[in-house]
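User: I want to learn how to read helix packing. Please walk me through it.

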Amino acid sequence: MLTQELLVEIHVLYRQGKSIRAIAKALQISRNSVRKYLRNIAMTPSYSKHTDRLSKLDPFKAYLKARIDAAKPDWIPATVLFREIQAKGYEGKEGILKNYIRPFKITPDEPIQRFETPAGQQLQVDFTTIRRGRHKLKAFVATLGYSRATYVCFSEYERQEDWLAGIEGALHFFGGVPKELLFDNAKCIMIERDAYGEGLHRWNARLLEMAKDYGFSLKACRPYRARTKGKVERFNGYLKHSFITPLAATLKQAGLELDVAAANAQIGPWLHDVANQRIHATTGEQPQLLLDKERFDLQALPDGVACRLTSTSQTQRHAMPLESLQHPLSVYDQLLEVRP
């Protein structure tokens, strides 16, 4: 079945230099199909109205989760859980149960393996909550897997447009496009996980359009495996301790409150002068120096595709003049001196 995701992946792989034979093999479709979809650039599959598929396991999921949690740090075998829910009326297959509980199984002594990617391969993206409540503050964070160079922008919400603006801003900030973007399971970006089979997800239509325009593939972390996206998530802690906390304290001492505008006005210089200049604990090198090398492996930004979300994009807030903030420029000139 042709899906929008499959169509985008065909075009992305072709732009990345893959042959028709290689694309057909990677996506497990015929070479004639690949040729047909590449010729017809305007082909856009339409979806029928989506209805949630009910699983025979659904009525038993709460019970299974409670049993798994109660057994921690130990693990109840699938065969045992299968017998238990059979006794409660489950009529489905054991394989459905195994697929459901597999992501919950984490071996306590499992060694942490460092997951490295070649230059230009991967950009890990994430949203982290800085502050909840009435005055929300969230951060979109994007970290290149090879160089560890990072882009950050702030917003009040984690909406579709905030994700898209963050992604587009990051690509222009780095000056190129990696082969793939790695996401978690944000609902406004991933509509349905494993919609077309294991690992074949249904993605947000606007994100797919952006992926096709810029030439990157979409990848998702396995559920409950945060370490898969550990590079960007480790940076989240560094961001909060090295940037947010001292900036908020400085503003508080002056009777001011950290808000989205103030954070975006200061994040650009901090990234340039501090975060991407520090000696990274893992690589032992400055992210900026590795980024200068990695840019040769990034795909070029597409011709004619400017930052389309500039009117509302956080991208522009890196260059936002301090006069646009709610407090006088002189106040920020005197106060906002962020140190590592």
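User: In which hand does α2 pass α3?

Analyst: A crossing is left-handed if the near helix is turned anticlockwise from the far one by less than a right angle, and right-handed if clockwise. In this predicted model, α2 passes α3 in a right-handed crossing. Helices here are DSSP runs (H or I, at least four residues), numbered from the N terminus.

User: Which residues make the contact?

Analyst: Contact means heavy atoms within 4.5 Å. From α2 come Ile20, Arg21, Ile23 and Ala24. From α3 come Arg31, Val34, Arg35 and Leu38.

User: How are two packed helices described?

Analyst: By the angle between their axes and the distance between the axes. Axes are lines fitted to C-alpha atoms over the stretch in contact, and angles run from 0 to 180 degrees between N-to-C directions. Helix α2 (residues 20–27) and helix α3 (residues 31–39) cross at roughly 110°, their axes coming within 8 Å. Angles of 65 to 115 degrees count as roughly perpendicular, under 35 as roughly parallel, over 145 as roughly antiparallel and the rest as oblique. So α2 and α3 are roughly perpendicular.

User: At what angle do α7 and α8 pack?

Analyst: About 15°, with the axes of α7 (residues 160–174) and α8 (residues 205–214) 10 Å apart. They are therefore roughly parallel. Their crossing is right-handed. Leu164, Ile167 and Leu171 of α7 are among the contact residues, as are Leu207 and Met210 of α8.

User: What conventions apply?

Analyst: Residues are numbered from 1 along each chain as its sequence is written, and side-chain values use heavy atoms, leaving out hydrogens and water. Local features need pLDDT of at least 70, side-chain atom pairs count only at pLDDT 80 or more, and totals for chains, interfaces and linings use all residues.

Notes: Helix = DSSP H or I, 4+ residues; strand = E, 2+ residues; numbered from the N terminus.
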